[in-house]
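Please read these notes with the model open beside you. They go point by point.

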Amino acid sequence: MTETAAELRTTRFVVSRRKEGDDPGELRYDTFDVAVGPRSTILDSLVSIRRELDPTLTFRHSCFHASCGTCGMRVNGREGLACVTPVPEGGEVMVEPLGNIPVVTDLVVDMDAFYDEFDEAGRPLVRVSEMIPGAEMAEGIDELERYEDCIECGICLSACPVAGSDPRYVGPAALAAAWRLVDEPRGRDPGPVLRLMDDEQAAWRCHLAWECTEACPSGVDPAAAIMRLRRAATAARARRLFSFGGTR
Amino acid sequence: MTITRLPRQPYHVVIVGGGGTGGALAHDLILRGFRVTLVERGELTSGTTGRHHGLLHSGARYAVKDRESAVECIEEREILRRVCPGSFEENDGLFVAITDEDVAYEPLFFESCLASGIPARRVSREEALRLEPNLNPEVKMAVQVPDATMDAMRMPLRFFASAKAGGAVIRPWTLVTELLVHDRLVSGIRVRDLVNGVDDEIRGDLVVNATGPWAEQLAVMAGCDVPIRPSPGVLLAVRGRVCNMVINRLHPSGDGDIIVPQRGLSVVGTSSWVVDDPDDLGVPEDHVERMYSEGSMMVPAVRHAERRAAWSAARPLIGSRDADTGRELSRTFKCFDHRETDGVEGFVTISGGKGTTLRAMAETTADVICRKVGVEAACQTREIVTLPHTAYYAA
Amino acid sequence: MASTTVEPRRPEPGPARRRGFVGWFDPRGRRLGGYAFILNRLSGIGLVVYLYMHLVILSLLVQGPGAWDAFVEIALSPPVLVFDVVLLAGMLFHGLNGIRVGLVGMGLVVSRQRALFIAAFVVAGLVTLVGALRIFGGEG
Amino acid sequence: MTTDQPALERPAAGSRGIPAFVVQVVTGVALLVLLALHMVAQHFIVPTGLRFYDDVIAWLGNPVVVAVEVAFLGTVTYHALLGVRAILFDFGFSERTERRITNVLVVVGIVTVVYGVALLAAIINAAS
């Protein structure tokens, strides 16, 4: 941030630290005083901490504009993408890793388990892009495409109170991905995924706290997706029940 | 096309740099039977690669002044569509002429595209407005080219996923503190593991410097020099998808001449200046303001769109020391074998290039490495389909 | 040129940061849906407790008129009436929010979930108010 | 408790029983009706609102009322304990523990209903 000195204010950051071998029971925090400008984001401040104060501070980032999903973290207890979360005014800023996901180092979480659940849905990365009102398609283009909204940041899983107490819960992201496949299969068979998510540890675990949707930085609305997944699952069961032979 | 794995070669290549080039090189070398270890100080693609605006270049922007880059782009675009299926928004792009100067520039631009093998189609004003209703009503005409949009983190991650599945050791959070150099022979790297704080050495038959705009900082550690100028550019992401096709301004490349749609955002880019330290970029507000003004010349809705983020990314441009704005530097890439340039053996630098040419950069570097160690191994990355990016996280 | 074998090393991740069941009731940083979840769970637990209290009290009926009428006497004292108001509020909210959870939870009127919660909260509040006035103000 | 099978270990294709949530919705809807009957009937039909012992006994003389009360007791107990089970299942216990929880709650449910019905019968007999 190139700001004139006048606009800079010093803000105290309390950053959660964790290195391999640390005692898991005892949480460790380091304090850093950082010059913050009017447009500084949490990510900008973390980058300047790493560059000027502590090169061993580790945190994930890549795109800097809420499009890749790597920099999800908890700022003052609230989930958000560091790259688009402004530094709160006044008082200390507590920065912690996302919740409900194993912590590898400092603010970096291990997304392997998240992706195992996510991959079960097998949702395509690209979807049909909603037409801009009145737009037509250019010659040679038979389908306007765009990337799925979900940027796999894990913020919804961190915000979910059920995931906060039960590690077995599949989590909102994987369920929202499953719904996307059911809603727009793009050539894949959603049947098996629907049956997979029609389970007490998956679609039926949600208690409608809607925190995942409120926290989602990408407008995915996973809570609504879970509910629509339930409706689809219930309809599928009904069809199976009343179809001839019933075991189709 | 099945992977034809060569008999296990004893050579171990250590790659420094977890950007697109590093990932593609790891993938290429694994397919050629090498043993690969890649180290990255942060998260993968956290350098220049991830901050890219996401244009899968048709090369049209360079057709007039940088034919070499243009041809590279259109070839790579076709290969990437084949080896990374389902990773692109293929809505094509429009070069829009707003002013009379733009219209005057069009014939040269159109011919240069065709000459570079880039399929281009003239589009009337009316049709342009039917394709993208948010375009500036003053638009005079446009040229349709096969631009597309990629995800700057997920597409390169596919290469990492395939390399890792092929046995490459990928070590993020590993900072290179020193190069192991003994009488002009580089035999490995000394690193600090930021996860457990342990310092250790990774020996290799060859060390590759794939650190993009940081290339010079690493080369210096081996007493070598690479003419890499970090040339940052500011990018602005605004809320709202104002277009589905990539919108470029039909004029010689200047500031704020592209709008790339990304999910529910539109990314407006870019500007250009030159710095010495790629870690100290800053985001000059006047550049951001220029993105708003130039961007709204093409799509007026940008003017009042809510700012989601503004950031800067340092392009690694190859060129002489005195280039001041970075634009006239060549956009192609180069692979330096430091035995020839500095008399240092076992050390190769790959830099320059663009987001779209990561595979070609890797192929060139892998060819250089094969020649250096006397291995006969053809490149297979033009045909082998890479794994989905999610496979990188498979336990 | 032989080189040291590099065994692929994956760092051992530490435990996830889980707030556990305390996190269910932590109002900080909650938004509408989060409050609905907290209130629904609290009122639910409260109503289960009341169910068994109610059964115990009704057992007095077996001991004949004396015991029951004596209890009713206590039941009309202000503290117990306050309890009744709280009970009324809990029952109304749990019931009304239950309708929201039931409908939305089966994938119906999903886009209305916010409005339904607000409606449940407001209606429960108003009716509780009316109930409280009747319990404290008018005839018994 | 309808889903007596333990929560099947994923990725077996979904548990085959009716999801507990659907049962909760069904019992919830039934409760809305029965609760209304239970509340409205007592407090609005009986002038003094079951204040006095004699009113209660008179009130229980009507077999329809008794039927409604028993139905109400069964439904509310079922709904309540299914709710408790849902809360307990959010703790992430092992499957074996969860099976034990389910069994305990089934017993508690049965005891509650039996006690309630017996209580009702005892009250009616004591008064006659």
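1. Ground rules. This is a predicted model, in which local features need pLDDT of at least 70, side-chain atom pairs count only at pLDDT 80 or more, and totals for chains, interfaces and linings use all residues. Residues are numbered from 1 along each chain as its sequence is written, while chains are lettered from A and ligands numbered from 1 in the order in which they are written.

2. Helix H1 of chain A. Helices (H or I, at least four residues) and strands (E, at least two) are DSSP runs, numbered from the N terminus. H1(A) covers residues 42-53, 12 residues in total. From first C-alpha to last, H1(A) reaches 15 Å, close to the expected 16 Å. That expected span is 1.5 Å times one less than the number of residues.

3. What H1(A) buries. A residue is buried if 20 or more other C-beta atoms lie within 10 Å of its own, exposed if 12 or fewer, and partly exposed in between, with C-beta atoms placed from the backbone. The buried residues of H1(A) include Ile42(A), Leu43(A), Leu46(A), Val47(A) and Ile49(A). Asp44(A) and Arg50(A) are also among them.

4. Chain A with chain C. Two residues are in contact if their C-beta atoms, placed from the backbone, lie within 7 Å. Here 31 residues of chain A are in contact with 28 residues of chain C. On the chain A side, strand E6 (103-105), helix H6 (211-215) and helix H7 (222-242) each supply at least two residues. H7(A) has the largest share, 6 residues. By class, this side of chain A has 12 nonpolar, 8 polar and 11 charged residues. Ala, Val, Leu, Ile, Met, Phe, Trp, Tyr, Cys and Pro count as nonpolar, Asp, Glu, Lys and Arg as charged, and the others, Gly among them, as polar.

5. Chain B with chain A. The contact takes 46 residues from chain B and 47 from chain A. E18(B) gives the most to the chain B side, with 3 residues. That side has 18 nonpolar, 15 polar and 13 charged residues.

6. Domains of chain B. The bounds come from an automatic or database domain assignment. Domain 1 is 10-54 + 151-227 + 326-395, and domain 2 is 87-113 + 124-149 + 229-318. Their centres, taken over C-alpha atoms, are 30 Å apart. In the contact between them, domain 1 of chain B has 21 residues and domain 2 of chain B has 24. H5(B) gives the most to the domain 1 side, with 3 residues.
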